[in-house]
Amino acid sequence: MRIRGTHTAALVCSAAALAALCGCTPKASGAGHGYSPVHIDVPAMRSPSAAHPRSSPPPAQDDAKPAAPPPAPSPPARVLWARGDTGRDVRELQARLRQVEWLRDGPTGTYDDLTQEAVSGFQGKRGLPRTGRTDTVTWQRLLAMTHEPGRWELYLMGGQPAAAPDPRCLTGRVLCISKTSRTLRWMIDGRTVSTMAVRFGAQYTPTREGVFHVYWKSRHHVSTLYHSPMPYALFFSGGQAVHYSYDFAARGYAGGSHGCVNVRDEGAIAQLFAHVRNGDKVVVYW
């Protein structure tokens with residue numbers, strides 16, 4: 001019986017030691033209930049969420065950004081020239097329109113109805129608004145398609161300023177003709193009465209230079225050598241004369257004469273023919 005008691009005490013001690021090591025609390029059981037003399041109450045394991053409670057997740061945020069406002073419409077292109085404008089810039093516009101074959105007449109330096117129609121056609125061909133006014137967009141498109149016009153492209157049909165008169169033109173009644181500016185001044189005692197554009201002979205039929213005098217006037221003259229009309233002819237050197245030219249009126253400086261001084265303005269040469277007398281001086285110079 002002692003040995004049995006000793007064995008039982010050893011078991012009790014072992015259970016108590018195990019409980020201490022495991023952090024358990026030994027609890028005595030009631031007598032007469034058929035349980036082991038030692039009962040170990042193991043604490044219930046808590047879930048991680050219970051051990052470490054989390055705060056509730058933040059409400060979801062809408063990541064969508066507010067729609068950007070529509071872009072403001074682009075301002076209309078600035079208008080550079082329109083019908084009624086005049087000047088050297090309009091002349092260049094017309095010269096460039098001639099290069100791309102949208103204008104047949106001119107340049108005149110005046111933005112007229114023909115220029116407006118040409119600009120409108122050019123715009124429509126390239127998908128631009130057909131306003132007939134030359135704005136910055138139209139002008140840049142035209143610049144990209146053409147070259148810088150030369151002096152005689154700008155003044156293909158005349159209109160250029162006259163050169164200063166030669167000193168020999170400052171006395172008396174003089175037809176003062178400059179090859180440099182391609183102009184004729186009708187002068188009386190140093191005063192310019194009228195000015196007009198003129199054209200000279202071609203390379204192999206040049207117009208003579210020097211001081212001459214009108215020796216014959218022929219209103220309805222026809223060349224006996226070339227069989228071409230020479231209306232309002234004012235002969236000053238052999239067969240060379242100042243006269244109206246249909247070809248100059250039509251083609252401008254794209255052509256040339258056989259040595260005569262051509263005038264393209266019929267009204268101007270008609271007035272000149274009426275006032276010039278035989279014996280009046282003619283000066284042709286550079």
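**Questions about a predicted model**

Colleague: What makes His-227 an exposed residue?
Modeller: The relative accessible area of His-227 is 64%, and exposed means over 50%, whereas buried means under 20% and partly exposed lies in between (1.4 Å probe, protein chains only), so His-227 is exposed. This is a predicted model, in which local features need pLDDT of at least 70 and side-chain atom pairs count only at pLDDT 80 or more, while totals for chains, interfaces and linings use all residues. Residues are numbered from 1 along each chain as its sequence is written, and side-chain values use heavy atoms, with hydrogens and water left out.

Colleague: Why is Tyr-232 called buried?
Modeller: Tyr-232 has a relative accessible area of 9%, which is under the limit for buried residues, and therefore counts as buried. By the same rule Cys-260, with 10%, is buried.

Colleague: How do you know that Cys-169 and Cys-176 form a disulfide?
Modeller: Their sulfur atoms are 2.1 Å apart, and a disulfide is a pair of cysteine sulfur atoms within 2.5 Å, so the pair qualifies. The link is right-handed, with 80 degrees about the S-S bond, and both Cys-169 and Cys-176 are buried. The structure holds 1 disulfide.

Colleague: What makes the buried residues of helix 8 lie on the same side?
Modeller: Helix 8 (residues 266-275) has Ala-268, Ile-269, Leu-272 and Phe-273 as its buried residues. These cover an arc of only 135 degrees around the axis, which puts them on the same side of helix 8; the arc is that of the directions from the helix axis to the C-beta atoms. An α-helix has 3.6 residues a turn, so residues three or four places apart point the same way. Gln-271 and Ala-274 are exposed, on the face of helix 8 turned away from its buried side.

Colleague: Which peptide bond is cis, and where is the place of Pro-107?
Modeller: The bond from Gly-106 to Pro-107 is cis, with omega near 5 degrees, and Pro-107 has its place in the loop between helix 3 (88-99) and helix 4 (113-125).

Note on methods:
Helices (H or I, at least four residues) and strands (E, at least two) are DSSP runs, numbered from the N terminus.
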